Amino acid sequence: MKNFYFFIVLLLCVVFVPKAVAQNISNEGTEFWTVFPTHDPNGGSLATMNVNITSKGNSRVTVSCGSYSETKAIPANTVVTFLVPRAQSYIDYTDGNKILTNRGIHIVVAPGNAKVVAYSHVFASARSAATLILPYDALGQKYFSMNYFQDEAMQSARNFLTLVAVEDKTDVIIRDAKGGVIETVKLLRAGDVYEYLPTSYNVDLTGVYVEADPTTSSCKRFAAFSGSTSVGIVCTNGRDPLLQQLYSVNSWGKVYGVVPFINRQYIIRVLAQEDNTAVRLNGAQVRVLNKGEYYEASLFAPTIVSADKLISVAEYSLSQNCSSLTGQTMLGDPEMVLLNPIEFNIKNITVFSSNNFRYLRKVHQCFYEDC
């Protein structure tokens, strides 16, 4: 359960890219796609999903999914919330491993209006998760899933990898870490959704990757989200869902600064997209990874994670019975945050805090893309 507050930090970014060929792309945009993934209820409390929008200038936004469509004005420097109907958007367990037509949640800025920043918040009686939503311009053709081990306390829970088509006739291939084909998925229309759910709770999807089929959809973009329906991390008193939108491999970096959750221990995972990736913590080499492999460490202090090739880094908070620096109880439950490389500078931010079930979160994401 979330028993204390973080700020939600919605970045209106200006990104410096140290590659002449790269585009400068921020998380501001005029079109976004997101999903309402599978969520384990706490007792009989079913989850709700909000889409939250903010902008530096006055804007106007329409959010739609299925038969639902709603348009609202977005006054400058405020956060406006859209409650997306569960019946139109939610992905039930029984929907897993199926193509779901028009289940993607589409966010569109009216022509001529200011760009916006968007994030989604899933919450239900002491269980919640949120993610920044990446604009269309920041999407890519290949993603690696980032998840965590499922604990035995709830064996019905699952890791997930959820895909959203943003263009018609998008074929994608889901592969295991060694490149073997798990599934080929044909998403015929923008807004089609496919959520890959493994058959067992003890399958960790970290390192599974998905790419646009090079023979039929070579430069078609799509969106990808990963996490868990719910999980306890390290200890089992207290569980929460995990949810993050994935960055395409072009948005990864080589150096990451990890800031601890206040007065808590934390876990990191470092994921490689190429063979022979040498990973370092504070300058000392700790592991050489191959494609799809990850290195995990339990840490207490601020840490610099670096590698000689592009990596993705996630930071995890623990379940409350063991999350303090000494391994004792401290209120607050599991969370997964995808970190951003220090190669990219942040210039402007908007800060927002949600009171929905005393939600705890900090998002600090900027990125670039080559295509």
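Where is Asp275 placed? I located Asp275 in the loop between strand S20 (266-272) and strand S21 (277-281). Helices (H or I, at least four residues) and strands (E, at least two) are DSSP runs numbered from the N terminus.

**Basis of the entries.** I note that this is a predicted model, in which local features need pLDDT of at least 70 and side-chain atom pairs count only at pLDDT 80 or more, while totals for chains, interfaces and linings use all residues. Residues are numbered from 1 along each chain as its sequence is written, and side-chain values use heavy atoms, with hydrogens and water left out.

**Whole chain.** I found one helix and 26 strands in the protein chain. Of its 371 residues, 58% count as buried; buried means under 20% relative accessible area, exposed over 50%, and partly exposed in between (1.4 Å probe, protein chains only). I also looked up contacts (heavy atoms within 4.5 Å). Among those with a separation of 6 or more, 76% join residues 24 or more positions apart.

**Negative patch.** I returned to Asp275, which is partly exposed with a relative accessible area of 43%. Together with Glu274, Glu293 and Asp308, Asp275 forms a negative surface patch. Such patches consist of residues with over 30% relative accessible area and no salt bridge, like charges being joined within 9 Å and nonpolar side chains (Val, Leu, Ile, Met, Phe, Trp, Tyr) within 5 Å. The place of a charge is taken as NZ of Lys, CZ of Arg, CG of Asp or CD of Glu. Lys and Arg count as positive and Asp and Glu as negative; His and the chain ends are not counted.

**Salt bridges.** I recorded nine salt bridges in the structure, each defined as a side-chain nitrogen of Lys or Arg within 4 Å of a carboxyl oxygen of Asp or Glu. Arg175 forms one with Glu211, the closest N and O atoms being 2.7 Å apart. Arg175 lies in strand S13 (residues 170-175) and Glu211 in strand S16 (residues 209-212), so the pair ties together parts 36 residues apart in sequence. Arg175 is buried at 18% relative accessibility, and Glu211 is buried at 17%.

I then examined Asp204 and Arg269, whose side chains meet in a salt bridge (2.8 Å, N to O). This pair links distant parts of the chain, with Asp204 in the loop between S15 and S16 and Arg269 in strand S20, 65 residues apart. Arg269 counts as buried at 0% relative accessibility. Salt bridges with shared partners join Asp204, Arg269 and Glu296 into one network.

**Val35.** I placed Val35 in the loop between strand S2 (31-34) and strand S3 (48-54). Val35 is buried, with a relative accessible area of 1%. Its contacts outside four places in sequence include Met49, Ile105, Val193 and Phe225.

**Backbone.** I noted a positive phi of about 60° at Asn77, although Asn77 is not a glycine. Asn77 occupies the loop between strand S5 (68-74) and strand S6 (79-84) and counts as exposed at 55% relative accessibility.

Technical notes. Areas by Shrake-Rupley, 256 points an atom, 1.4 Å probe, with all protein chains shown as cover.
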